[in-house]
Amino acid sequence: MKSKSNIVLICILVLLLSLVALPITGWLIAQRALPDQEGIIAISTLQKEVSLVQDDRGIPAIQATSDKDAYAAQGWWVASERFFQMDMLRRAAKGTLSEIFGSGTLAQDKLMRQIGITRAAKAQLKIASPEVKAALQAYSDGVNSYMRLSRSKRQLEFWLMMDDPAPWTAEDSLAVMKYLEYLQGESWSLDDLRQRAVNTAGAKAASEIFEQPLFEGKEEVKEVKDTKALLPVFDFNAVPDTVRHLVSSLPGIGSNAWVVSGKMTDTKGCLLALDRHNIFTDPNLWYVATLITPSNKVSGMSIPGVPGILFGRNDYISWGATALKADTQDLYIESFSQNIANKYKTPTGWAPVEEIIEEVGCRGPVGNKIFQQKVLLTRHGPVLTQSGDSAVVLAWSGHDNVIPSLDSYLKINKAKNWSEFQTALQSYKGEPQNFLFADKNGNIAMQVAGNVPVRSLSAYTHKLNAGQILPGWTGNCDWIARLNFNELPSVLNPPKGYLVGKTDNLNGTMLDVTPYPQSRVQALLDASIASTRRPGLPEMASFQADDYGALSKLVKDMLKDSVTKLENIDKTQLVLLDKFEEWDGMLSSDSIPATAYEAFMRMAARRILIPKIGEDLTNQYINKYPRWTHFLEGVLRRKDTAWLPPEERTFDTFMVSTFSQALKEIRVVTENENPDAWSWKNLHQIHFQSVVLNGLPDWQNQLGKVINIAPVGVPGDGDALNACNVSYSAKGEYNCTVGPVQRLLVDMSDSDKYYETQPLGQSGHLLSSNRLDQLKAWLTQKPLPVSFSEQQIDKYKHKLIFAREI
């Protein structure tokens, strides 16, 4: 018995030692992985010496004698700070996540193999210009030099995942860009959602919900025996939480940007304001850098894995862009032959599919497995899912074999005026964007650019809409061309003195974007310009931080009107209505009425929609469709009784009972009866968590409990200029998952009137002082200066020298 007791004690001691040793070992590895900020480093591919200086926030300024050397140093720096993130983006794009995460990401990997990000990147690399190929190769050389020289200093995440990353290639950079373009334009999930709404509620109700004409299947569509069996094409809920941010996209994610003419500003210089929206991640998607060569100096924001600057400024111009959200993806149903394998119906007869075999690796408990995946390609695009003789196929303009969008960005980096800027965009065939421009000479402009499909006009004749699933065998819904560059909207120096990123329509087609931020910034700019004080960067920063609730006044007025007609009001409702009276409509972090307003909006939408399309589709609609509040606004303004839930008879009782149910939900979520505890920041929070540490079991995750960033409460919502969305993935959740992940402010009158903020920081290292040093400034909407003049850059404290290896 004594011997057994000793064994038990030894086991307990070993376990306790392991619990202590694991986080200590992890800390030591993470500490060792921190990159050098000073010293001399040899890179064999350099032509001449390069210097890299950094400020206290870790923003690098790279000085080189050639573009190639600048890109090599940029690749080295990004790899030193963000290589695990680069590798995760590469795996997500190329469908290799399962090689380290196992079967939980197998469905996502197979989807990426079907969509063909890697195939597209390979094709683009073949036709890329010599300049782009040289930039990609130099960047890859820099990345791989770091990986080779710092093999023993790999980030902790690589050790935890037992991942030995492959060398970086030019193809990887193009794959990451193509993948992010795909996520930006993923409109097919809305097509899928619209079709299921039609199948559930009928075309009339679905048309009202999505604010566009949708149709029941005509006879030609009814050839498909069971469209419901084909939907949904991908179950996002099956993706593990650990990597969900890598593979998720919300079709409504956009951005805000505007430019103001120097004629209107306090410094007489043109102003650029940009905030790019994306899913909040740790580390942030973007980083800021400056590249200096004898012929050019450019600074701004870029993404890990890509050379050059995507949005920012040089000595002559500044630029930014917002996602246009034009419909660049369609879902088709193809009819396959029951008698002949791999033949599908076309307008001219039966045609063979192209068949590709993909090998998908998957980590298992006893070793890796290789799955053979058959990918079928039709004239419209790859087959996503098949049931019997019917299949859903994705058409995406991103499948066109066009020169990489990086070609345009690198040309923009060197543009000196509007003419050169436009010329650079003529070759841009990425996802459509509104490009905003401002220069030193007082000019402002906007140019829409991108690969926008032109659909056959006969589709509407046959009562078919590109916003839902289309028959692929008739030819009536085919894409017949792409919009030419000169057909896309362009504006130079408008009389009103400012331009705001376009969100209304393109060629008469409504865009799947909330209209409220654009109208709000236009109103703020009009008021600022009309005042006696000319606006400057401080006003632009305050606009970026504006968190006015788009429908707050409407909801306040309607509730007040309905309450006066009814007597059955409880104490809590009266308290909140009193607070509403004093409320300015701002969705600030400390606001209690903001919480009640957001709860009311969601509860009203749920009560209206669930009887029509069911709870599951309602939750997806509210979470995915960015104009759901616009639909709700229409119902409220019209007091449309056709949309009342069955238990309600008048709109007044609906308003009051919805308010009551919303407050009840807040009580449940907060577990507090006192309205004074219902501040918006207590419910509306961002959860920044490390991908790997968040995915480990609790007994392995002692380090994660120390290193993971605590949740932070944020203001705003998806309709505010400060567009911190509200995630409606489940009842009672008000978390924020999407928002402004990078802000820029530029005044072209002064090289050093240039600012940025991001939610966390420049570094992806868990123990870096630059991992989250910008969080406080981002939360308080305090822009942080970026040095651009030589005088300011010379003050940077940390300096690395890259020397050519002999």
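In the predicted model, Leu28 is located in helix α1, which spans residues 2-32. With a relative accessible area of 48%, Leu28 is partly exposed.

Helix α10 (residues 203-210) presents a mostly covered element, with 6 of its 8 residues buried. The buried positions are Ala203, Ala205, Ala206, Ser207, Ile209 and Phe210. Just after α10, Glu211 adopts a positive phi of about 60 degrees. Burial is also found in a loop: Leu324, placed between β9 (317-323) and β10 (329-335), has a relative accessible area of 0%. The C-alpha atom of Leu324 is separated by 5.5 Å from that of Pro432, although the two residues are 108 positions apart along the chain.

Helix packing is illustrated by α17 (residues 552-565) and α19 (residues 592-613), whose axes come within 11 Å and cross at roughly 80 degrees. Because angles of 65 to 115 degrees count as roughly perpendicular, α17 and α19 are assigned to that class. The contact involves Ser552, Val555 and Leu559 on α17, and Tyr597, Phe600 and Met601 on α19.

The structure contains 43 salt bridges. One of these joins the side chains of Glu358 and Arg119, with an N to O distance of 3.4 Å. Since Glu358 belongs to strand β13 (residues 354-364) and Arg119 to helix α5 (residues 117-127), this pair ties together parts that are 239 residues apart in sequence. Glu358 is buried at a relative accessible area of 16%, whereas Arg119, at 23%, counts as partly exposed; the two assignments fall on either side of the 20% limit for burial.

Other salt bridges lie within single helices. Arg194 pairs with Asp191, the closest N and O atoms being 3.2 Å apart. Both residues lie in helix α9 (residues 188-201), with a spacing of 3 residues, or about one turn of the helix, and both are buried. In helix α12 (residues 406-413), Lys411 and Asp407 are 4 residues apart and thus separated by about one helical turn. Their closest N and O atoms are 3.0 Å apart in a salt bridge. Lys411 is partly exposed, with a relative accessible area of 42%, while Asp407 is buried at 7%. An α-helix has 3.6 residues a turn, so residues three or four places apart point the same way.

A network of salt bridges links Asp87, Arg90, Arg91, Lys94, Glu99, Lys122, Asp163, Glu171 and Asp172.

Terms used:
Residues numbered from 1 in each chain as written. Predicted model: local features only at pLDDT ≥ 70, side-chain atom pairs only at ≥ 80, totals over all residues. Heavy atoms only, no water. Helix = DSSP H or I, 4+ residues; strand = E, 2+ residues; numbered from the N terminus. Buried < 20%, exposed > 50% of the residue type's maximum accessible area, 1.4 Å probe, protein only. Axes fitted to C-alpha atoms, helices over the stretch in contact; angles between N-to-C directions. Parallel < 35°, antiparallel > 145°, perpendicular 65-115°, else oblique. Contact = heavy atoms within 4.5 Å. Salt bridge = Lys/Arg side-chain N within 4 Å of Asp/Glu carboxyl O.
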